Amino acid sequence: MREAGKIAGGARALAASLCRPGMSMLDVDRKVHAYITHHKATPSFLNYGGFPNSVCISINDVVIHGIPSERRFKEGDIVSIDVGACYKGFHGDCADTVPVGEVSDEAKKLIEVTRQSFFEGLKMAVAGKRLGDISNAIGTYAQSFGYGVVEKYVGHGIGRSLHEDPPVPNFGRAGRGLLLRDGLALAIEPMINAGTPDVYVDEDKWTVHTADARLSAHYENTVVIMGDEPIITTLAE
Ligand code: MG
């Protein structure tokens, strides 16, 4: 899990560095694919449920599952990168949202709060707490800024499969749900909208948009519960 996470985390960092004006979504996808395979891993998303690429790239009002195309990034865009790698049978999954050049204050704030909401959830990712403690911490934090917490899509368990039980919502009641125990691996991934939490799926059957066309941000790491010090596998590198 650590090795898979390190590759996924490296792929995310590479992708983030490529989100510059003039670069295309497919440029990023090709380079990330090469990075993952160079590290003797396979891209977890490629062909997953028929997904055609190695990275999900979601721009501005796209929440998740954006399909790379020839579209080029432009100054002011915010770009969410979501990437997974499978190494020796285990997966790492992570995401980040990055600004292209100078972005609006609204966009900066959304990115910052989304990232911090993950770390608020992480504080609860300790043995003896419950899944609802993580969910509640994320949702409460994001909502305190008036943001919409996406409910239709959630985080997940992860290990030998990319998506495993339990679902990890970004909202919920503290003190409820699965008891967290050492070794439980979770992909914790707040998806936070500037406006309404409501979303819809594009006619391409993948791309998820905000219902009000306002911005959305995403941040994710693969986390393994280990006593009171969770391991973040995808931060390495
Ligand atoms: Mg995930």
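1. Burial first. A residue counts as buried under 20% relative accessible area, as exposed over 50%, and as partly exposed in between, with a 1.4 Å probe and protein chains only. By that rule Asp93 and Glu220 are both buried. The model is predicted, with local features needing pLDDT of at least 70 and side-chain atom pairs pLDDT 80 or more, while totals for chains, interfaces and linings use all residues. Numbering runs from 1 along each chain as its sequence is written, and side-chain values use heavy atoms, without hydrogens and water.

2. Metal site. Asp93 (OD), His156 (NE2), Glu189 (OE) and Glu220 (OE) coordinate the magnesium ion at 2.2 to 2.4 Å. Donors are N, O and S atoms within 2.8 Å of the metal (3.2 Å for Na, K and Ca); water is not among the atoms, so sites may look incomplete. The donor spacing along the chain is D-x62-H-x32-E-x30-E. Asp93 sits in strand S5 (residues 90-99) and Glu220 in the loop between strand S13 (216-218) and strand S14 (221-224), so this pair ties together parts 127 residues apart in sequence. Strands here are DSSP runs of E, at least two residues, numbered from the N terminus.

3. Largest pocket. Its volume is about 250 Å³. A pocket is an open set of points on a 1 Å grid over the protein atoms alone, with protein on both sides within 12 Å along at least five of seven lines; lining residues have an atom within 4 Å of a point. Volume is the space filled by probe spheres set on the points, with points joined across faces, edges and corners. Of 17 lining residues, Phe45, His65, Asp82, His163 and Glu189 are the closest to the centre. Glu189 is also one of the magnesium donors. Nonpolar covers Ala, Val, Leu, Ile, Met, Phe, Trp, Tyr, Cys and Pro; charged covers Asp, Glu, Lys and Arg; the others, Gly among them, are polar.

4. Second largest pocket. The volume is about 180 Å³. Met25, Ile59, Val62, Arg71 and Thr207 lie nearest the centre, among 14 lining residues. Strand S2 (residues 55-59) gives the most to this lining, with 3 residues. By class there are 5 nonpolar, 6 polar and 3 charged.

5. Open sheet. Three strands run in the order S3-S12-S11, with antiparallel pairing. Strand S3 (62-64) and strand S11 (199-201) are at the edges with a single partner strand each, so one side of each has no neighbour in the sheet. Pairing requires at least two DSSP bridges between two strands. S11 and S12 (residues 208-210) have 3 bridges. Val199 has Thr210 as its bridge partner in S12.

How values were computed:
Helix = DSSP H or I, 4+ residues; strand = E, 2+ residues; numbered from the N terminus. 1 Å grid on protein atoms, 1.4 Å probe; cavity = no way out; pocket = protein on both sides within 12 Å on 5 of 7 lines; lining within 4 Å.
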